[in-house]
Amino acid sequence: MLRSRRTIHHEINAGSMADIAFLMLVFFLLTSTLDRNFAFTRQTPPPDNNTNAKQQQTGSRNMFTISINDNNDLSVNGKRVEAGDLKAKIIEFIQNPNESAALSEKQIVNVKMLGDVPVSKGIIAISTTDNTSYSAYINVNDIVNKAFAEMRDAFALRVFGLNYDKADELRKQSVDACVPLNITE
Amino acid sequence: MFRNRRTRIIPSISTAPLTDIIFILLFFFMVTSTIRMNTTHVKVKLPNAQSVEKKKDEETVCYIYIGEPMGNVTAGDGGMAVQVNDQVVPPADVLKLVTAERTKLPKYKQDKFIVSLKIHKDAKMKLVKQVKEQLKTAGALQIDYSGTHTLN
């Protein structure tokens with residue numbers, strides 16, 4: 001059929017489609033969250049009845065106890081320490097460059113890709129009192145994480161020539177086996 | 001046709017591209033957001049930490065919130081209440097609930113059971129230790145401590 005010259009070309013109103021889309025958008029906004037979950041992971045050892053015996057066996061030489069009291073003051077093995085000095089003390093304890101008898105012992109462990117490596121036997125213990133603030137506890141955990149991240153990074157650079165973050169999964173596991181993070185509560 | 005030199009036809013604005021814009025916005029939000037599983041009954045202000053990393057939500061199964069009670073929730077020890085997934089519970093019931101959550105999973109996933117702890121920065125360690133002891137007994141060995149990422 002021929003279109004007459006008088007027909008007005010009408011467009012379908014797309015405004016109602018926009019309304020439907022708006023409704024879907026609003027529904028979606030209400031039911032969801034832009035939740036970004038930032039956290040650090042800790043693997044706790046399985047509940048063991050001989051844990052106390054094992055701790056005594058390792059000896060106080062290999063235990064680095066960080067205590068937090070009610071005022072959120074830190075002390076290491078009984079001596080008062082400032083938060084700023086804690087990281088350096090942890091690194092000194094684990095790395096023990098001068099083989100001091102007061103700091104952690106090392107044992108030779110066979111690690112994949114690297115062969116026999118001296119690995120520290122040090123264990124970090126974090127103890128808190130009932131009224132210690134949770135943020136102080138997280139702060140100490142944070143300092144421990146940073147200390148180990150620094151040590152692992154330096155080790156990875158020395159041994160593989162790569163920064164820890166840039167290494168692949170297998171290399172990361174080797175570095176983790178050489179600088180193990182043992183935390184007990 | 002209807003035109004001469006003096007009249008001008010102003011074309012009507014087509015609203016079809018508007019729907020495209022709305023759909024793009026919708027898809028953006030669909031991709032970047034997560035469906036909220038738990039309604040919050042406690043207010044949690046997370047502590048600051050530098051060594052926290054972004055965690056993928058699909059791996060976590062159980063959320064434990066410790067914070068200031070909102071609405072008609074009664075405060076427990078130290079002014080904070082404990083919420084497991086989406087119900088507020090007295091602190092001693094955490095063991096029961098977490099074990100129930102863990103046994104719901106198939107066997108091969110039970111070892112990779114992760115609990116995410118979102119605890120208020122002013123909470124006292126007494127309550128936190130109580131919850132953690134129960135998690136240990138329940139066999140939840142991998143724990144994510146949440147915090148807001150800071151640069152210093």
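Start by selecting A:A39 and B:E53: in this predicted model, B:E53 in β4(B) is the bridge partner of A:A39. Now widen the selection to strand β2 of chain A, residues 38-43, together with β4(B). These two strands run antiparallel and are joined by 2 bridges.

Next, colour the two chains differently and look at where they meet. On the chain B side, 49 residues are in contact with 45 residues of chain A. Together the two chains bury about 4500 Å² between them, and 60% of that area lies on carbon and sulfur atoms.

Which elements of chain B give two or more residues to the side that touches chain A? Select them one by one: α1 (16-32), β1 (34-35), β3 (48-49), β4 (53-54), β8 (114-119), α4 (125-138) and β9 (142-146).

For the last stop, turn to the links between the chains. How many salt bridges does the rule find across the interface of chain B and chain A? The count is 0. Polar contacts are another matter to look up: 23 residue pairs between chain B and chain A are in polar contact, counting pairs with both residues at pLDDT 80 or more.

Methods: Residues are numbered from 1 along each chain as its sequence is written. Chains are lettered from A and ligands numbered from 1 in the order in which they are written. This is a predicted model: local features need pLDDT of at least 70, side-chain atom pairs count only at pLDDT 80 or more; totals for chains, interfaces and linings use all residues. Side-chain values use heavy atoms; hydrogens and water are left out. Contact means heavy atoms within 4.5 Å. Buried area is the accessible area (1.4 Å probe) that two parts lose on being put together, summed over both. A salt bridge is a side-chain nitrogen of Lys or Arg within 4 Å of a carboxyl oxygen of Asp or Glu. A polar contact is a pair of N or O atoms within 3.5 Å; within protein, one must be able to donate a hydrogen and the other to accept it, and residues adjacent in sequence count only if both atoms are side-chain atoms. Helices (H or I, at least four residues) and strands (E, at least two) are DSSP runs, numbered from the N terminus. Two strands pair if DSSP finds at least two bridges between them.
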